[in-house]
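Q: I am new to protein models and would like to learn how to read one. Could you take me through this one, feature by feature?

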Amino acid sequence: MGYNCVCRNSHMDHVGALPYFTEVCGYNGPIYMSYPTKALSPLMLEDYRRVMVDRRGEEELFTTTHIANCMKKVIAIDLKQTIQVDEDLQIRAYYAGHVLGAVMVYAKVGDAAIVYTGDYNMTTDRHLGAAKIDRLQLDLLISESTYATTIRGSKYPREREFLQAVHKCVAGGGKALIPSFALGRAQELCMLLDDYWERMNIKVPIYFSSGLTIQANMYYKMLISWTSQNVKEKHNTHNPFDFKNVKDFDRSLIHAPGPCVLFATPGMLCAGFSLEVFKHWAPSPLNLVALPGYSVAGTVGHKLMAGKPTTVDLYNGTKVDVRCKIHQVAFSPHTDAKGIMDLTKFLSPKNVVLVHGEKPSMMTLKEKITSELDIPCFVPANGETVSVASTTFVKAKASDMFLKSCSSPNFKFSNSSQLRVTDQRTADGVLVIEKSKKAKIVHQDEVSEVLHEKNHVVCLAYCCPVKAKGESDNDVDLIKQLSTKISEIMSGAQIHEAENSLQVGSFKGAVCLKEKCMHRTEIISCSEAVFLCCNWSVADLELGWEIINVMKLNL
């Protein structure tokens, strides 16, 4: 099996290295994306290249031509479409929420099956539905764990709090900066604000800063089938992504007087236009910075969320006075800890691996999964190898004789010290795999015929001391005495006696007259004991040793 690549969504942490991977490193295997991800990825990649190279002057990892050539190699797939990548590998995509086009990926190699969630959201928001997946038999679930210990309450109080903070800012003449990524949160919050502006008849302008956001919005308008049920229903009368109060932003408006709301990329205030605007607006106490989601440690967004700093150090060593209001509200498109637990419980995999999170929180979630769901859970470091056991199934036909034996009870009862019941029906079956033929389960009596061999019966033999010499010289009396003893201890045993031997099932015992019998293991001279030479089939293994223990002389 060769390598293959599946991009689970169009955010840069999922597709950012793809052109470098294909056009520079030389990967030439298949690349699979959902249709929205294939449409949005080149926009994201070109925007990243332009910001990092044209504006910041950093080393160019890939070119515009690289992006175009890379995207020509992408194979678009539908939700729940099963793709047979090669003879061994099968994949299937499931709706993940999170961002337009995001998918969870089911992969099966032979009998081993995994789901790699990528980023997902287990709750519906204004513009996207909740993640949906079938109940699958999995050896492994690999889940993101961005919010491994966070449990969110109802979204409505959070939305109200956010709207009140923004309204209060603009009503006081201030400017509200909302750093957000071009895909997902920008559309979610624009829908929220646009609806609120309509209801409250607010005339303050709302701006998009990024041409990327405007381009992405075009795809949201076209790909309604990937959105929430609420959006689909509203689409019958008007397109919910046609925002009435949202306009394009020109850089000259940074210093324009009067209140406004500005969505600027990127989120987290890590670089780009959002950070440029922050430098100009942060010193004013009238203004507001609303941080709607997760910020990585080391970014300006994370520094603002960690406390109430009066100054912030930027990446180039300059400092910015921070007198504006800081408002943080959880509008993340990632699932919370409850969502991760719910998905894990629903899928009930044999193993779980947590990725895409912060280690202390991941370790806490690992303990919760292990203790509450009794599922082995791993939190591997980068480069660490995790080995998990996988299930192996063999598809096999069954012979008529084996099927008939399975339908007819053949219980066996044994009552020595306690009642025992055994059912040999499935034990009668033997798995046979002939060259160039499919596996088949046949009855044990058919094996010789299938293999074109003569029947061989495995027997056990033991020469057992049963009485001391001199007690009685009559072998017939000895056989009767042994038969009586066996009957007393083994109730219901069918015993057949002969002149100098006895038989119980396949067990046969006869008085041994040899001075040195090959089946005799006790170091006892023939002058001291009488021996019974016994043999029985492996099918009566326990029965044979039980009879031996009954008869054996305690010498």
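Q: Is threonine 146 buried or exposed?

A: The general idea is to look at relative accessible area: buried means under 20%, exposed over 50%, and partly exposed in between, with a 1.4 Å probe and protein chains only. Threonine 146 has a relative accessible area of 11%, so this residue is buried. Keep in mind that this is a predicted model, where local features need pLDDT of at least 70 and side-chain atom pairs count only at pLDDT 80 or more, while totals for chains, interfaces and linings use all residues. Residues are numbered from 1 along each chain as its sequence is written, and side-chain values use heavy atoms, with hydrogens and water left out.

Q: Where does threonine 146 sit, and which residues is it in contact with?

A: Helices (H or I, at least four residues) and strands (E, at least two) are DSSP runs, numbered from the N terminus. Threonine 146 lies in the loop between β8 and α5 (155-171). Contact means heavy atoms within 4.5 Å. Leaving aside neighbours within four places in sequence, threonine 146 is in contact with Tyr294, His334, His356 and Gly357. Its C-alpha atom is also 8.7 Å from that of aspartate 119, 27 residues apart along the chain.

Q: What is the phi of serine 348?

A: Most residues other than glycine have a negative phi. Serine 348 is not a glycine, yet has a positive phi of about 45°. This serine follows α11 and is found in the loop between α11 and β17. With a relative accessible area of 47%, serine 348 is partly exposed. Lysine 80 is another non-glycine residue with a positive phi, about 65°, and its place is in the loop between β3 (74-77) and β4 (82-84).

Q: How do I read the protein as a whole?

A: Start with the radius of gyration, taken over C-alpha atoms; the globule rule is 2.2 Å times the number of residues to the power 0.38. A compact globule of 555 residues would come near 24 Å, but this protein has 38 Å. The C-alpha trace spans about 125 × 50 × 50 Å along its principal axes. The protein contains 16 helices and 28 strands, and 46% of its 555 residues count as buried. Among contacts between residues at least 6 apart in sequence, 69% join residues at least 24 apart.

Q: Which domains does the protein have?

A: Domain bounds come from an automatic or database domain assignment. Here the assignment gives domain 1 (5-150 + 336-378), domain 2 (155-329), domain 3 (397-451) and domain 4 (459-554). The centres of domain 1 and domain 4, taken over C-alpha atoms, are 71 Å apart.

Q: What separates asparagine 69 and valine 447 in space?

A: Their C-alpha atoms are 59 Å apart, and the two residues are 378 residues apart in sequence. Asparagine 69 belongs to helix α4 (residues 64-72) and, at 28% relative accessibility, counts as partly exposed.
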